[in-house]
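Try each one by eye before reading its solution.

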Amino acid sequence: MTWSGEIDRVHIGATKQEGGTRSRVCTVGGAKNLPFLEGASEMPLIALEICDDTGSWSPIVLAYTGDVTRDAGEWAKKAEKEFGADLVRLHLTSTRKRGFSDVRGVRTTIEAVLQGTGLPLIIEGSNEPSVDSEVFSACGEAAAGERALLGTAEADRYRSVAAAAVAFGHGVIAQSPIDINLAKQLNILLHEIGMPHDRIVIDPFTGALGYGFEYSYSVMERIRTAALKGDTDLAMPMISAAADSLNIKEVREAPQEVRDETAVMWEFCAAFSAAVAGAEIVCVRHPRTLEKLKKGFAHLAGEG
Amino acid sequence: MALKALDIYKILPKKNCKECGFPTCLAFAMKIASGKADPATCPYLDEETRQKLGAATRPPIRLVRIGVGPRKVVVGEETVLFRHDKTFYHPPGLMVEIPDTWSPGQVKVVAAQIENEMFTRVGQDLFLSGVAIRNVSGAADTFQKTVAAIEEMVSLPEILISDHPEVLEAGLIECGTYRPLLCAATDANYTSFCRLATKFGCPLTVRAGSVEGLANLTTKCVQEGVEDLVMDPAATTPREFLALSTQIRKAAIERTVPAVGYPVYCDTTTYPDPDAACALGVLKYGSLIVTRPLEYSRKLAFLTLRQNIYTDPQKPIQMAPGLYPVNSPGRESPLLITVNFSLTYFTVLGYLEGAKIPCHLLVVDTEGLSVLTAVAAGKLNETLVRESLKKFGAEEAVSHRTLVLPGYAAPISGRVEEMTGWKVMVGPRDAADLPEFLEKEMG
Ligand code: SF4
């Protein structure tokens with residue numbers, strides 16, 4: 001198939017020469033065709049998600065990953081050294097607590113994660129408009145120079161995160177609720193307030209397998225085909241995280257002896273399918289899903 | 001491209017003899033154009049016209065049935081490359097491989113599982129589709145015994161796999177009347193395979209490693225009288241499968257190569273990573289997917305993926321609005337409001353059930369819109385909340401008068417409070433934060 005458009009390239013992570021401290025950096029984008037077809041042999045990248053407050057994290061992942069989950073820095077280190085992640089996505093879940101005020105703690109966590117791993121970083125800040133501004137500027141500053149990806153900008157609250165990204169040289173994740181038009185509008189809004197196209201990654205929102213995943217799959221295909229047909233406001237790389245995969249009934253209520261495997265298969269199917277639909281970055285929480293995806297992608301990218 | 005009624009009329013014999021069952025040739029032409037009549041019912045067409053009409057009026061991908069009875073697998077008649085362009089119609093058959101070298105006990109266990117194990121999701125019963133009996137032993141009588149053992153126990157659709165026609169024929173003695181799919185004819189042996197397919201009235205798989213090769217082979221088989229065909233692109237890696245299956249689907253629906261207008265076969269057992277191959281087969285145009293036996297997690301995940309991909313994307317999945325009890329609530333338990341977009345509903349429900357917090361969930365009718373979109377569009381408003389509270393008996397179900405709105409509905413909280421007289425609390429935006437919110441605020 002031949003297309004007129006091309007996906008923008010977004011660089012994540014900065015080495016010492018580039019003003020950061022990352023030992024590895026990555027570039028996503030550049031596709032001129034649908035995923036894994038001719039002219040699109042780039043491997044999708046896999047981010048392992050970690051957090052700084054495990055209260056709402058899946059007990060399946062916590063049990064498998066072990067004690068390091070008490071220390072985001074150690075967890076990040078293990079994500080790189082043991083699990084082989086391409087990126088680390090840090091969710092600052094501590095900011096979700098009612099009455100949160102420990103911005104200093106957020107900085108410390110980010111510093112620890114930057115110390116723990118040389119991988120490029122995705123940082124997910126607060127989810128609460130009243131603390132957004134403070135939290136995002138702390139995130140941006142703590143990772144200044146590292147060219148991280150900050151999340152998450154949404155239609156009604158993108159200013160704080162975008163401001164921090166612009167001020168400290170990071171990219172942003174632009175999330176829209178499974179809707180190609182809203183995705184486009186948000187990209188335009190971000191562009192208007194100074195985010196260059198090559199620093200935006202689209203998150204079309206991914207429902208868990210069996211829980212709306214089909215909508216997400218199709219919206220990703222629609223966004224990607226629109227971009228390849230020449231719509232530059234949608235020609236950004238995509239990120240997909242079926243974050244609820246491990247909380248759904250089929251996984252929680254799976255018989256004890258197959259619960260781990262079910263968790264992995266649930267994450268795998270959504271992440272693998274998202275990559276086939278066009279996602280350049282897929283995010284998972286179970287380390288074994290990561291391993292399984294690597295293998296699957298290698299065969300699809302023609303490297304195995 | 002499809003022909004118009006007038007184009008068809010021009011090449012009909014114009015005898016108006018009614019032998020086709022229609023009053024005039026023109027009436028017949030109109031029926032053909034809308035796909036409701038088969039050109040072959042006119043006895044006066046010459047071979048060239050028949051072929052021309054056949055190619056232009058049949059569906060771009062032929063419908064093929066494998067097996068008989070309620071569990072038969074029906075595949076083909078797809079019309080688009082992307083499900084968002086219309087929908088995918090016929091979910092692929094997931095066929096479990098049974099080698100003829102297995103012990104009778106092993107065969108029994110696996111076959112019975114495929115026939116009986118069922119999952120129910122969103123009102124649909126999901127099961128694996130059938131068996132793919134493979135001649136690994138090389139012996140015709142061993143193959144025949146395995147087929148006989150399976151036939152004796154279950155009535156599932158079957159694929160019979162062997163390179164040797166005499167082996168297949170031995171199997172067909174046991175199951176030939178149940179439309180098993182024969183697999184696979186190549187350029188070297190297609191005549192003997194076609195003879196078998198004709199004799200037993202079975203569909204046939206053809207195997208070639210390119211679009212041209214497949215087109216050649218299907219054309220030859222059609223000349224031999226076999227039209228119910230399935231194509232195995234014989235890819236050696238998932239990447240190659242994706243490339244070929246995409247080319248095939250495109251060539252078929254655009255009718256640039258009508259001879260590849262048949263369902264595609266995908267044997268995941270030949271790939272180094274069968275799980276990736278299976279997911280890929282479901283996503284990208286596989287119609288018959290052969291897999292090793294799948295244990296619980298894989299089975300459930302792949303059946304769910306298949307269900308998702310073959311759901312009609314035009315139809316927003318909505319929940320019936322109403323008041324739903326979660327974790328056996330009492331009259332004091334909190335009342336939460338959410339929308340009837342099923343993705344939102346199931347996500348919220350998942351976290352509440354996970355946290356084992358008893359509560360009442362009032363699902364209001366936003367026509368399947370998410371909270372964010374429904375608020376922006378004005379669909380989720382104070383009137384809807386008031387009416388839903390009344391209509392679904394919330395006032396009787398709880399003894400208190402406090403309701404929790406989703407975080408994204410914060411802009412309407414004041415108005416809801418005024419109009420309903422209930423105390424309104426604004427919950428978190430993210431369902432994952434609900435358990436903590438409820439414990440802290442309502443505890
Ligand atoms: S059978 Fe053929 S010739 Fe006769 S009316 Fe029908 S289309 Fe015309």
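The exercises below go through a predicted model, and each comes with a worked solution.

**Exercise 1.** Work out whether the radius of gyration of chain A agrees with that of a compact globule.

*Solution.* 
Step 1: Start from the length, since a compact globule of 304 residues would have a radius of gyration near 19 Å.
Step 2: Chain A has 18 Å, which agrees.
Step 3: Look at the inside as well: buried residues make up 64% of chain A.
Step 4: Turn to the contacts in chain A between residues at least 6 apart in sequence; 70% of them join residues at least 24 apart.
Step 5: For the secondary structure, count ten helices and ten strands in chain A.

**Exercise 2.** Find which residues of helix α2 in chain B are buried, and explain how they are arranged.

*Solution.* 
Step 1: Within residues 25–33, the buried ones are B:Cys25, B:Phe28, B:Ala29 and B:Ile32.
Step 2: Viewed down the axis of α2(B), these buried residues fall within an arc of 100 degrees, so they line one face of the helix.
Step 3: After α2(B) comes B:Gly35, with a positive phi near 75 degrees.

**Exercise 3.** Describe the residues around the ligand.

*Solution.* 
Step 1: Among them are B:Cys25 and B:Phe28, along with B:Cys17, B:Cys20 and B:Cys42.

Terms used:
Residues numbered from 1 in each chain as written. Chains lettered and ligands numbered in written order. Predicted model: local features only at pLDDT ≥ 70, side-chain atom pairs only at ≥ 80, totals over all residues. Heavy atoms only, no water. Buried < 20%, exposed > 50% of the residue type's maximum accessible area, 1.4 Å probe, protein only. Helix = DSSP H or I, 4+ residues; strand = E, 2+ residues; numbered from the N terminus. Arc of directions from axis to C-beta. Near = heavy atom within 4 Å. Rg over C-alpha atoms; globule rule 2.2 N^0.38 Å. Contact = heavy atoms within 4.5 Å.
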